[in-house]
Amino acid sequence: MSTGRARTSSAERDPARRGDSAPVAGFAGPWRIAWRRLRRDRIAFASGLFLVLLALALFPGAKLATVLLGHGPNDPYPYAVDASLRPVGPWTRVPDTHTLAPTAGDELNPPPPRGTPDTLFILGADGPLGHDLFLRSLYGGRVSLEVGVGAALIALIVGTGLGTIAGWLGGLADGAVSRLTDLMMALPVLLLLLMVGTGIGDGLRLWTCWGLLNDGVFQLMLLIGAFTWYYPARIVRAQMLSLRGREFVEGAVMIGASGYRIVTKHLLPHVVPSLVVYGTIMVATSVMLEVGVTFLGAGIAPPTTSWGSLLQAQWGSVLTPGGATSAHIQPFLTIVPGVAIFLTVLALNQLGEGLREALDPAGAR
Amino acid sequence: MIPSWLAFVVRRLATAAILLLLLTMVTFVAYWKIPNEPAAFLVDIRYATPEQIAHARHLLGVDRPLYVQYGRFVWRALHGDLGRTFTGARTTGPSGAPVAGQVVHAAAVTGSIALGGALLLFVVSVPIGLLGASRPRSLADRATAATSIVAISLHPLVVALLLQLFVASRWHWLPQAGYCSLLPQAQPCSGPVGWAEHLLLPWVTFALFFVALYSRMIRARLLEVLGEPYIRTARAKGVPERLVLLRHALPNTALPLVTMLAMDIGTAVGICVYIEAVFRLPGLGLRTLIAMVGLGLDLPMLIGITLFTGAAIVVLNLIVDVVAVMLDPTISRSPRGRTALLHLAGRTG
């Protein structure tokens, strides 16, 4: 935990700061050391790389795929489902038309008109409407990741704020925050999330951050953040408590630094590494919660797709059981979003694990 | 010793009572604020006259001020009556089912899932932990470590859906969904066999979510214990390695295990919500979902479930804390035992 101290004391010794451009052998900031260690950790590096590629595939990639494939995620293709409404499987060429040919004679499912061009469904169709599952997974992944990252950020900001107040001020403030975190930890978070999620209904659904986010994304971010802030709060509080009595804080108090300055310049930098590690894992937790809450019908609402709503497609809803209970099952409807969620969460967890080791000040350089 | 135990338990129960009061109050106020017409349970509000709607509201008891409703709820709850559900209410004759009975039935389902799942969890994770600790860094140990990394990243919903999809829907090995009562009843399916058949997939889902955490924890604790002098003594006097592991080392994992169990109760309730939704088991989770998306918000049912779940979590935590104190010789037998108990009360209360 000497990162902050090393940085301030090395500022005078660092030749670069004195205008001398010759580098000193062996000097490296804590973040550079961490980066060096992270590159050596193959699993963590691969996880980080995967997440970068995933972000590229979801954000610019989704639009690109739409252009390349020639159809969008919301275009219905009636020929992408068979007579019993079972969607087609992966890598199927589907007649490129949005309308069914009129029924002729006693033939129930007439073929499309001659000369209709085909369009490729890489992962098959997603349900009775015949949307492209691959494209919907990309656009759904956007929403899921946005909720995951946003909720983790909200939880980190709220948690750091309350944890700092509790740990630095102590006394009554600490008592209040600690009791509140204890209370939150004892409660079944998912059940409350569902109740509040259904309760606020469309309250903030249409607030989209000036068109940057889809409908309902911001609301779900807030909701998940409001029920996960207590983990970072506990971590920050514990660190503040252990740092409060250290010599460098006493020194800062002695030279007359204000409480605000001590907290922002001397204490919070120590907490940043743990928050980076914890934030990574919290993104994974928030993605899992988004999937769960949306699946159970209290999260992202229909026109917007997320991995949770893709998973729900075949299962139905609480009151109306879906196709999973019928004989016409398309396993890819569950496998595709399931694997996407699994790989994302796995990569986030492994990256968090790698960051923990890389940012450990006691670890080997 | 008795007074300190008693003081601890009484103090915890008093905190719990306040907590439950707060919890129900918040739920009450929250649902008062939500735009919702409870009269929809009795009349079709699209066609009903204002008089009919007013009459329906009066029958359901939602026409009185909020504090009167809450006061009546608390007074009745103290007498063991949680009211009647809105679902199934009628303008004439008997109203909805008693909430208390519904909640007890739902709790039996959730309890079956959680208890069976926890049992399966221990049956699986203790041997894995023992294996890992007896041969650390062996092929088997590394394989289980890799498996737990995978298991920890699997969403319980995905696990449940895939199990249902393949084991039940495709291969027809087990029933797809639904619940069977354990006690023989005049229903198409009941009794221990049907009960276990319907719950096998839920148990597997439940255990799979926690198995990585628990087997890793047992392994770490065992490795820690195996380095202690009393284990060296046992080995030196010629105790077989199997007995060293099972008799000398394993009991020492009980305390951290129980502590971890207490921390996971809330998570377990969440996992049960997923499981109940996928396998359509009428437990507390599914009943909550149905009470929220039916004709309207079934407030008595929701309050009943909230109250029951909160109380169950408090009581389970209390039991776990008491068991932890009993398991830990350094707390219960030291002269500072009372301080330790009060510390415990302060920590978790």
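Let me begin with confidence, since this is a predicted model: within chain A, the lowest mean pLDDT, 43, belongs to helix 1 (residues 3–13) of chain A, and the highest, 91, to helix 5 (residues 133–169) of chain A. Over residues 1–24 of chain A the pLDDT stays under 50, and for that stretch the model has 17 contacts beyond four places in sequence. Taking chain A as a whole, the average pLDDT is 79, with 81% of the residues scoring at least 70.

Now to the interface. In the model, 34 residues of chain A are in contact with 35 residues of chain B. On the chain A side, the elements that give two or more residues are helix 6 (171–186), helix 7 (189–200), helix 11 (259–295), helix 12 (307–315) and helix 13 (332–358) of chain A, and of these helix 13 of chain A gives the most, with seven residues. By class, the side of chain A that touches chain B divides into 25 nonpolar residues, eight polar and one charged.

Helix 13 of chain A also packs within its own chain. Its axis and that of helix 3 (residues 42–58) of chain A come within 8 Å and cross at roughly 135°; that angle falls between 115 and 145 degrees, so the two helices count as oblique to each other, and their crossing is left-handed. Among the residues making this contact are Ile43(A), Phe50(A) and Leu54(A) from helix 3 of chain A, and Leu348(A), Glu353(A) and Leu355(A) from helix 13 of chain A. The contact between these two helices has nine nonpolar, five polar and one charged residues.

Conventions: Residues are numbered from 1 along each chain as its sequence is written. Chains are lettered from A and ligands numbered from 1 in the order in which they are written. This is a predicted model: local features need pLDDT of at least 70, side-chain atom pairs count only at pLDDT 80 or more; totals for chains, interfaces and linings use all residues. Two residues are in contact if their C-beta atoms, placed from the backbone, lie within 7 Å. Helices (H or I, at least four residues) and strands (E, at least two) are DSSP runs, numbered from the N terminus. Ala, Val, Leu, Ile, Met, Phe, Trp, Tyr, Cys and Pro count as nonpolar, Asp, Glu, Lys and Arg as charged, and the others, Gly among them, as polar. pLDDT is the predictor's confidence in each residue, from 0 to 100. Axes are lines fitted to C-alpha atoms, for helices over the stretch in contact, and angles run from 0 to 180 degrees between N-to-C directions. Angles under 35 degrees count as roughly parallel, over 145 as roughly antiparallel, 65 to 115 as roughly perpendicular and the rest as oblique. A crossing is left-handed if the near helix is turned anticlockwise from the far one by less than a right angle, and right-handed if clockwise.
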